[in-house]
Amino acid sequence: PERADITYFGAGPALLPTDVLETAAAALVNYNGTGLGLAEHSHRSELATNIINTTKKDLAAYLDIPDDYETLFMQGGGSGEFSATVYNMVAVWVERRKQKILKELGVEDSKQLPENVINELQKAVDEELKIDYLVTGSWSLKASQEAARLIGPGHVNVAADAREINGGKFGKIPEESTWKLSKNPAMVYYCDNETVDGVEFPGFPEVLAPKGDDGPIVVVDMSSNILSRRIPVKNFSVIFFGAQKNLGSTGVTVVIIKKSLLAPAVATTQPALLRKLGIPNGPIVLEYSTIAKNNSLYNTLSIFDVFIAGQVLKKALNTFPNKVDGQQALSEKKAKLIYAALDAHPESYKVVPDKSVRSRMNICFRVTHLESGTDESEKAFLKGSVEIGLTGLKGHRSVGGIRASNYNSISLESAEKLSKYIESFAAGPRK
Ligand code: PLP
């Protein structure tokens with residue numbers, strides 16, 4: 001088939017706009033009349049810096065990122081950030097806890113801390129250091145498991161586990177009043193949109209809102225719903241996402257971080273102290289302050305992938321004069337169309353997650369249309385969909401079922417086509 005014959009609903013990497021790919025393809029061969037392709041240009045060149053800075057500026061404009069936040073382009077994917085967030089936020093916690101102890105004991109900061117300070121700090125690490133996770137799906141679960149692997153399960157507090165209120169499966173988000181948050185966690189971590197399970201937070205959790213100047217350190221994985229709705233950036237300490245769903249091609253991971261977490265006052269480069277306290281030092285390529293200091297060019301970065309992200313942002317800014325609010329309205333409209341078609345036929349379909357937490361991005365459902373059962377129904381549904389060019393609808397291997405990923409590159413027309421197919425399949429024979 002030709003590209004134009006296919007509407008791809010895969011969960012990631014996702015479809016990219018064809019015109020962006022055409023621009024990128026030309027840039028890959030000869031960038032801007034330089035005679036050299038973009039993947040061949042040095043990451044230290046002026047043109048590379050320009051691409052980085054323009055993409056940062058456009059992302060900030062699109063999402064209204066305040067000036068006291070820095071944007072980093074990193075490598076290692078969302079999974080790399082599961083580790084990076086732990087290393088960086090634990091180091092920040094240690095630094096802040098150390099400062100508090102120094103103040104209490106009236107001791108000056110230095111590289112060689114006196115033994116009583118080290119002892120107090122060790123006690124604090126052993127007894128107080130916790131990282132809180134809200135486990136609402138496969139990806140936040142994976143992040144919490146990575147944290148336990150890196151710094152030990154004793155430091156990981158699962159403040160909520162959605163499976164406990166939903167018969168052992170994901171599909172709901174526990175009430176905020178039931179979350180068992182720690183007193184002074186190194187971070188509260190959650191995943192805004194669970195790609196595998198189709199669960200999305202309806203909005204920012206009230207209990208995590210900043211109080212006065214101070215607030216909990218909130219870290220969020222927005223890999224699969226970034227750029228699809230307005231977010232209160234100010235409420236977050238760190239927002240991260242892989243590019244490969246709503247932003248661009250696989251190969252860059254974006255981190256939006258509050259600058260105060262990078263400042264020398266909370267120097268995360270304290271390897272000897274961390275070692276002494278039994279806390280592992282993370283790889284330097286995952287260290288936010290190092291990446292920030294080098295404007296994302298500490299080491300070789302795929303400028304080509306940043307370029308694609310930049311082109312997607314440019315297109316978004318041109319398409320939606322009111323920026324992410326425009327995309328939000330469209331995302332909601334598309335998701336409503338698809339869910340409405342599913343809800344109209346309860347005998348043929350069952351949406352997996354609870355209505356209150358249905359994802360606008362990953363629409364997960366089971367097909368129960370045929371008398372021969374769910375397996376046969378889903379096989380028939382998928383076969384029929386491929387025949388009319390709707391592809392990538394198979395659910396994640398760990399949960400089965402059907403998943404329609406309704407990312408930004410899915411047009412209203414494509415969502416209409418899918419909802420019509422859902423209708424027509426339900427109107428077909430049940431045997
Ligand atoms: N977080 C979410 C929400 C995801 O959907 C994914 C991948 O699909 C990841 C993290 C992991 O990302 P990566 O494959 O880039 O490591």
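Start by colouring the chain by domain: domain 1 covers 52-306 and domain 2 covers 322-427, with bounds from an automatic or database domain assignment. Their centres, taken over C-alpha atoms, are 32 Å apart. Residues are numbered from 1 along each chain as its sequence is written. This is a predicted model, in which local features need pLDDT of at least 70, side-chain atom pairs count only at pLDDT 80 or more, and totals for chains, interfaces and linings use all residues.

Next, colour by pLDDT, the predictor's confidence in each residue, from 0 to 100. The chain has a mean of 96, and 98% of its residues reach 70 or more. For the complex, the predictor gives an ipTM of 0.99 and a pTM of 0.97.

**Stop 1: helix α5**

Select residues 138-151. This is α5, with 14 residues. Helices here are DSSP runs (H or I, at least four residues), strands likewise (E, at least two), numbered from the N terminus. From first C-alpha to last, α5 reaches 20 Å, close to the 20 Å expected at 1.5 Å a residue; that expected span is 1.5 Å times one less than the number of residues.

Now show the buried residues of α5: Trp-139, Ser-140, Leu-141, Ala-143, Ser-144, Ala-147 and Ile-151. Buried means that 20 or more other C-beta atoms, placed from the backbone, lie within 10 Å of the residue's own. These residues pack against α3, β3, β4, β5, β6 and β8. Packing is judged by contact: C-beta atoms, placed from the backbone, within 7 Å. Step on to Gly-152, which follows α5 and has a positive phi, near 100°.

**Stop 2: the ligand**

Trp-139 also belongs to the residues around the ligand. By class, the shell has two nonpolar, eight polar and one charged. Ala, Val, Leu, Ile, Met, Phe, Trp, Tyr, Cys and Pro count as nonpolar, Asp, Glu, Lys and Arg as charged, and the others, Gly among them, as polar.

**Stop 3: Ser-348**

Find Ser-348 in the loop between α9 (324-343) and β11 (349-351). Is Ser-348 buried or exposed? Ser-348 is buried, because 23 other C-beta atoms lie within 10 Å. Not counting residues up to four places away in sequence, Ser-348 touches Val-367, Thr-368, His-369 and Ala-426. Finish at Ala-427: 79 residues from Ser-348 in sequence, but 9.1 Å away in space, C-alpha to C-alpha.

Methods: A residue is buried if 20 or more other C-beta atoms lie within 10 Å of its own, exposed if 12 or fewer, and partly exposed in between; C-beta atoms are placed from the backbone. Two residues are in contact if their C-beta atoms, placed from the backbone, lie within 7 Å. A residue is near a molecule or strand if its C-beta atom, placed from the backbone, lies within 6 Å of it.
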